[in-house]
Amino acid sequence: MYFGRAIGPYESELVANAQLLSKSGGGILASDESTGTIGKRLVSAGLENTETTRRDFRELLYTGEELGKYLNGVILFHETLYQSTRRGERFVDVLTKQGILVGIKVDKGLKPLPKHPEETYTEGLDGLEDRCKEYYKQGARFAKWRTTLKIDVGKSLPSEACIAVNAAGLADYASIAQKSGLVPIVEPEILIDGTHGVDISAVVAEHVISAVYEQLRVRQVLLEGTLLKPMMILPGSSWPEKVSPELVAAVTIKAMRRCVPAAVPGIMFLSGGMSEEQATVNLNTINILAKSDEKELICPWSLSFSYGRALQSSVLGTWGGKEETREDARTVAVSLARANSLAQQGLYEGPHPTTLQVSNLIEGFRGWRDPADPDHKI
Amino acid sequence: MAAFVGSSVSVFVGDRSVLSCSRAGRRVSESGRRAVVTPVKMTYAAGIFEKSNPYADELKATARYISQRGRGILASDESNSTTGKRLAIVDLENEEVNRRDWRELLYTAPDLGKYISGAIMFEETLYQKAADGTPFVDILKDQGIFPGIKVDTGLTALPRTDAETATTGLDGLPDRCAAYYKQGARFAKWRAVLRIGDGCPSDAAIIENCHALARYAQISQAAGLVPIVEPEVLLDGDHDIDRTAYETEKVLSYTFRFLNEYDVCLDAILLKPNMINPGGDYPTPPTPQDVASYTLRTMLRGVPGAVPGIHFLSGGMSDAEATENLNLLNTIEGSERAPWSLTFSYGRALQIAVLKTWSGKPENKEKAQTLLTALARANSQAQLGKFEGEHPSPEAKTRNWQPLRLV
């Protein structure tokens, strides 16, 4: 039993980087889709899932002008961490030069939880320490590990086992990442799928996040050197009524205050299927509300974004794989980042730079999948 | 698992739940009755506090009032036995009239209500009246002070532990809380105690104490009383300040985990923790800077922002320490991020000097009351980060150690 912190030599660097990532006016671009996931999106856009295509797409996301004004960090997939632009400049250098911290997805995907149909745990602990050290050497300074939990009140989901296993997994990962100098983003994503209302979402989120922080404490994770990546509190995707951004903001702040320790510097919301515009408007409304002087709305952490689809979907749509649309696509990428940077400060005003006409970006393969599905390996 | 409203035998053993979320495996209860869990339909809707508790708004408003800036709590809820020991210091018999006179002195101190927002009482006191027949609850309310009530029934030894304790009082608690509410109480208090030593606090002691604390809080809220949640890690021992921080973080983590399990609304509780000090027998006394920075760090790590107020216990600190540490806590770097009030719920630090000034003599009553108000004011100033000058207590530097009493 020890009474101090055995984080290792990176303690002050972790704290400093966590603060940089959660700095006001910026957020995170989550572009760490695995080959399988990004592949599905490229193919739906009429493109081939090749290394070159993947590289070309990510280059559009990272090389826009003044991107560094709006992004504090970018999360990469393993392959991308070692890729370069067409002209041979390493992506890591492209980003670092702009003052953007490089992050790396370190989990190895979702696996079905035995004896718990429809629920998953996350793989990737084996050899994690060595991988993290390699990534640090390559230039990464933060990491990300995604767990998912599903709400189904009728089936008593998320189950106790699902919460226990995923919370413990997050704590293991966070502890190892910190030891290797990477700020861990802790992501307990409560999937948007379901028929439940917003009150249920709130109660489940408080419960899950509370269990996660218990495990982080057990593993002596330095909270000041972590970030949280939760879902905003929304009703299930099949809930019939629309909810206003004001309601989302109010219930989200209330829930986060009940379960996220003040020592955590930043809450970086995931977009999880919200449309690009919805993700921006909701974040904006949250930050307007958080500026209030009322004691019941005091938010001791910054409230920002770590968006994947909400920062990329229009970019892919605009590009479509053609040379002549690359510049436009790059501009759209920056506009999306800028809109969310403004939203982080509660200063966003429309119109939204999205080029899509969709009400959501829900993807069925982002959560549980039937193990009998031959395509289920992510 | 979580959010069960209405327990089923396969999950609870008697009054205790066995929490297995804190381990990745499954924990077996003492009697082995923990069966394979069949999925029980979860009544999450009942877990939504604002929908299921008719006192929801009142509870939140009371908690906000008590934890407002510049105010704190007077803890005057000593049991009759403990009060008897105090009265003995000034050569008074432990009789009801003396206990009544002592509390009357406290509650009628002029201007006390400017600095005190809540006073915790023992059961006898809740039903007592001043010499002129005015009920104490009315005297307090007129001062703008919420009456509170200690609802635990004392400490008992935990078998097979090294001098660790559990707190009693869950049986019959719903009925007692309802009666106290009727009498005018609007908040409650329950003291859990953990000690630091070799292998202490043990898992058993932490789980037992935090479980009972959360069950009390749940019952209290259901009856309309704001629960003060007090997980006291004792000052006794010779350990260093890092050890206290570690153990307090652990205890706070378990506390909030259990509060969450039992659907206690954090917006409607108050926390009463210890500040982070080295053990009383540690060779070097702590600096106020150390106490303040360790305490703030521990609170930031362990207490969700929805809790409106953290009311520190004095726990044996001297009157000067209690005030100066609180003052520094409210001014050091990082305190501006505090989402809760950092304030006080002091017993000994507001009473011992006053008791001695009174000495049980009517001619000293006014002087004693003036001192009480001055002490309350000093700590109110400390809550605002504005305390300066000489401490009003005549024994400012004496630590007020009190042995643990088991029922």
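Author: A pocket here is an open set of grid points where a 1.4 Å probe fits, with protein on both sides within 12 Å along at least five of seven lines. Its volume is the space filled by probe spheres set on those points. The model is predicted.

Start with the largest pocket. It holds about 890 Å³ of space. Its lining counts 40 residues. Closest to the centre are B:Glu78, B:Thr82, B:Arg86, B:Arg191 and B:Gln402. Several elements of chain B give two or more residues to this lining. They are helix H3 (80-89), helix H7 (173-183), strand E8 (187-194), strand E9 (226-233) and helix H12 (348-358). H3(B) supplies the largest share, four residues. By type, the lining divides into 17 charged, 12 nonpolar and 11 polar residues.

Now the second largest pocket. About 770 Å³ of space lies there. Its lining has 31 residues. A:Gln19, A:Pro300, B:Leu300, B:Gly334 and B:Arg337 are the closest to its centre. Chain A contributes two or more residues from each of helix H1 (11-21), helix H10 (276-290) and strand E10 (302-307). The largest share, six residues, comes from H10(B). Here the lining splits into 13 nonpolar, 10 polar and eight charged residues.

A polar atom of its side chain lies 3.1 Å from the backbone oxygen of A:Leu81. Beyond its neighbours within four places in sequence, A:Gln138 is in contact with A:Leu81, A:Tyr82, A:Arg90 and A:Val92.

H3(A) is mostly covered, with 10 of its 12 residues buried. Among the buried residues are A:Arg54, A:Arg55, A:Asp56, A:Arg58 and A:Glu59. A:Thr53, A:Phe57, A:Leu60, A:Leu61 and A:Tyr62 are buried too.

Notes
Residues numbered from 1 in each chain as written. Chains lettered and ligands numbered in written order. Predicted model: local features only at pLDDT ≥ 70, side-chain atom pairs only at ≥ 80, totals over all residues. Heavy atoms only, no water. 1 Å grid on protein atoms, 1.4 Å probe; cavity = no way out; pocket = protein on both sides within 12 Å on 5 of 7 lines; lining within 4 Å. Nonpolar A, V, L, I, M, F, W, Y, C, P; charged D, E, K, R; others polar. Polar contact = N/O pair within 3.5 Å; in protein donor to acceptor, adjacent residues only side chain to side chain. Contact = heavy atoms within 4.5 Å. Buried < 20%, exposed > 50% of the residue type's maximum accessible area, 1.4 Å probe, protein only.
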